[in-house]
Amino acid sequence: MLPGLRLRQARERLGLTYRDVEGASYELAARRGRPDFIIHISRLADIENRGVVPGLHKLYTLAALYRFEPAGPLSLVRRPHRGMFP
């Protein structure tokens, strides 16, 4: 299953809208004192619909808001094989 689709399903399962996620990400960013944690509606749409891979801060925000297990969000991101380390 595509990572964006899995994220959309997790968001919908929690009954969250794009606007809810954006608002909650602003709150999380304020608590952490870093605007890097903010997920704008357009970025969330790109992650869910266009296969954009979120950066570490956005991935953390999604994991916190969607209540993923600690390693859960990392399974959504596939790293291409480079060299001898998988």
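Mentor: Start with how elements are named. Helices (H or I, at least four residues) and strands (E, at least two) are DSSP runs, numbered from the N terminus. Just after H4, Arg67 takes a positive phi of about 60°. This is a predicted model: local features need pLDDT of at least 70, side-chain atom pairs count only at pLDDT 80 or more, and totals for chains, interfaces and linings use all residues. Residues are numbered from 1 along each chain as its sequence is written, and side-chain values use heavy atoms, with hydrogens and water left out.

Trainee: What makes up the secondary structure of the chain?

Mentor: Four helices and zero strands. From the N terminus, the order reads α-α-α-α.

Trainee: Why does Thr61 count as buried?

Mentor: Buried means under 20% relative accessible area, exposed over 50%, partly exposed in between (1.4 Å probe, protein chains only). Thr61 has 0% relative accessibility, so Thr61 is buried. Thr61 lies in helix H4, residues 56-66.

Trainee: Which residues does Thr61 touch, not counting those up to four places away in sequence?

Mentor: Ser25, Leu28, Phe37 and Ile39. Contact means heavy atoms within 4.5 Å.

Trainee: Which other residues of H4 are buried?

Mentor: Besides Thr61, the buried residues of H4 are Leu59, Leu62, Ala63, Leu65 and Tyr66. The buried residues of H4 pack against helix H1 (3-13), helix H2 (18-32) and helix H3 (41-49).

Trainee: Why are H2 and H3 called oblique to each other?

Mentor: Axes are lines fitted to C-alpha atoms, for helices over the stretch in contact, and angles run from 0 to 180 degrees between N-to-C directions. Under 35 degrees counts as roughly parallel, over 145 as roughly antiparallel, 65 to 115 as roughly perpendicular and the rest as oblique. The axes of H2 and H3 cross at roughly 120° and come within 9 Å. Therefore H2 and H3 are oblique.

Trainee: What residues make that contact?

Mentor: From H2, Tyr18, Arg19, Val21 and Glu22; from H3, Ile41, Leu44, Ala45, Glu48 and Asn49.

Trainee: How many residues of each class does the contact of H2 with H3 have?

Mentor: Five nonpolar, one polar and three charged. Ala, Val, Leu, Ile, Met, Phe, Trp, Tyr, Cys and Pro count as nonpolar, Asp, Glu, Lys and Arg as charged, and the others, Gly among them, as polar.

Trainee: What share of the chain is buried?

Mentor: Buried residues make up 29% of the 86 residues.
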